[in-house]
Amino acid sequence: MPRSPYRALPSVDRVCAELRARSVDAADSVLLDLTREALAEARARIGAGGEAPTLDAIAGDVTARVDAVRLPPLRPLINATGVILHTNLGRAPLAGEAIAAMAAVSRGYSNLEFDITSGRRGTRHSTLAPLLRRVTGAEAAMAVNNNASAVLLALAALAAGREVVLSRGELVEIGGGFRIPDVMRQSRARLVEAGTTNRTRIEDFEAAIGPRTAALMRVHASNFRITGFTESAPLDGLATLARRRGVLLIDDIGSGCLLDTAAYGLAPEPTPQRSVAAGADVVLFSGDKLLGGPQAGLIVGRNELIARMQRHPLARAVRLDKASIAGLAATLRLYIDGVAEQRVPVWRMIAMPVAEIERRAGAVVAALGAAAQVVDGRSMVGGGSLPEESLPTRLVVLAPVRSAATLAGRLRASDVVARIEDGRVLLDLRTVDPLDDGRVIDACAALVRPQ
Ligand SMILES: *Cc1c(COP(=O)(O)O)cnc(C)c1O
């Protein structure tokens, strides 16, 4: 009688010993689990009429499983899409100063919540507040996990159980299911709509104010534009109305743009400085959009309002970690030092002259020969900022030796994300660190040159 193929399978111990002999590195429990998985699948294959795999084959199978488990799930990519703030690719790349500060504070202990002078307990809010006050002109400031948290905390702390008046044109979805009316419900503030989708005037806000109104709110239409027959209430007018009627004005400007986008031929983006100067009581914005720092939500505004938000139980749930605080502080320092355009990658990319991009694109094309050429194109700011704005750029177009989807897929396998437009693969070096140009060339060369 032939021996059962199941009996030919090596034992778990035998496979684990073999893996140790081959120096496959993983915790004992992980090796054991993966070996059991591999053997269970081998038994299932035998049950389906297959042969018993050899010890060598099983060990190879488990080694591949160990490698798959150990692969870093998050890995660096080269963004050649030309979208500067690409939310799917992690938004703002950080300045070297920010990275160094984050590493330094992560390595050991810090004065995160410790007053060095008195030796007593301090607060994590005191680190960023002076810098945020300086760059925005606000009385007080705090930072939370992201701008979505900032909106939730502001509404919960300042308007729960009361009404918040918002223009019908600003009942927006920011993306990823973050819808202002839903967040409003979560905060237990009651939304009162004012005006119409395309036109909302100061009088519409005034008519919507009642005895239960806590605040007027403005939400920047970050990622879309309503054009044509439109009108919106100016912020300073809303501030005057809010003061006269004894309610607050909350301004969610989305991107934390601290510099003037018009200097680069882009439409003006709201800045926290302007909102504070116009009289908004609380201004909310992201740390990782045009500010160019780590993920964070920044809240600046009047002293007693910031204090109320800091005391609210949600503040603890959405607090920012020490590495992000250090990275943000270092990024804000670059604005205070007046070197943001040169040092903050997002602004360096916005400010990069077309001639410089043309020169780099030319070098890529020269390395690729007939397989590529340089054409005119546009780079986008992205990240829910300036949706209809773009910057002139020069693109590398790859010759269509295969379908665009195939080429772009092969580039992604080399960690380069390109753009597909009209069936062509395009690379925009504006969003590529110049130090990575060589890697872009290598990735392209490997697939456009017929072997
Ligand atoms: C991007 C954005 C948000 C959400 O900010 P995150 O930092 O991504 O949480 C909220 N409001 C507006 C207007 C935005 O543009």
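1. Helices and strands are here DSSP runs numbered from the N terminus, a helix having at least four residues and a strand at least two. The structure under review is a predicted model.

2. Overall architecture. The chain contains 18 helices and 16 strands. Its C-alpha trace extends over about 95 × 55 × 50 Å along the principal axes. Of the 451 residues in the chain, 47% are buried. When contacts between residues at least 6 apart in sequence are considered, 74% of them connect residues at least 24 apart.

3. The largest pocket. Its volume is about 1100 Å³. The lining comprises 31 residues, and those closest to the centre of the pocket are Leu 77, Leu 89, Arg 91, Ala 92 and Pro 93. Helix H15 provides the largest share of the lining, with 3 residues. Sorted by class, the lining residues are 17 nonpolar, 7 polar and 7 charged.

4. Helix H18. This helix covers residues 437-448, 12 residues in total. The expected span is 1.5 Å times one less than the number of residues. The buried residues of H18 are Asp 437, Val 440, Ile 441, Ala 443, Cys 444, Ala 445, Leu 447 and Val 448. In an α-helix there are 3.6 residues a turn, so residues three or four places apart point the same way.

5. Thr 35. Is this residue buried or exposed? Thr 35 has 0% relative accessibility and therefore counts as buried, the cut-off for burial being under 20%. Thr 35 belongs to helix H2 (residues 28-47). Leaving aside residues up to four places away in sequence, Thr 35 touches Val 12, Val 15, Cys 16, Leu 19 and Val 62.

6. A separation within the chain. Thr 35 and Ala 370 are 335 residues apart in sequence. In space, the C-alpha atoms of Thr 35 and Ala 370 are 50 Å apart.

Terms used:
Residues are numbered from 1 along each chain as its sequence is written. This is a predicted model: local features need pLDDT of at least 70, side-chain atom pairs count only at pLDDT 80 or more; totals for chains, interfaces and linings use all residues. Side-chain values use heavy atoms; hydrogens and water are left out. On a 1 Å grid over the protein atoms alone, a cavity is a set of points where a 1.4 Å probe fits but cannot get out, and a pocket is an open set with protein on both sides within 12 Å along at least five of seven lines; lining residues have an atom within 4 Å of a point. Grid points are joined across faces, edges and corners, and a volume is the space filled by probe spheres set on the points. Ala, Val, Leu, Ile, Met, Phe, Trp, Tyr, Cys and Pro count as nonpolar, Asp, Glu, Lys and Arg as charged, and the others, Gly among them, as polar. Buried means under 20% relative accessible area, exposed over 50%, partly exposed in between (1.4 Å probe, protein chains only). Contact means heavy atoms within 4.5 Å.
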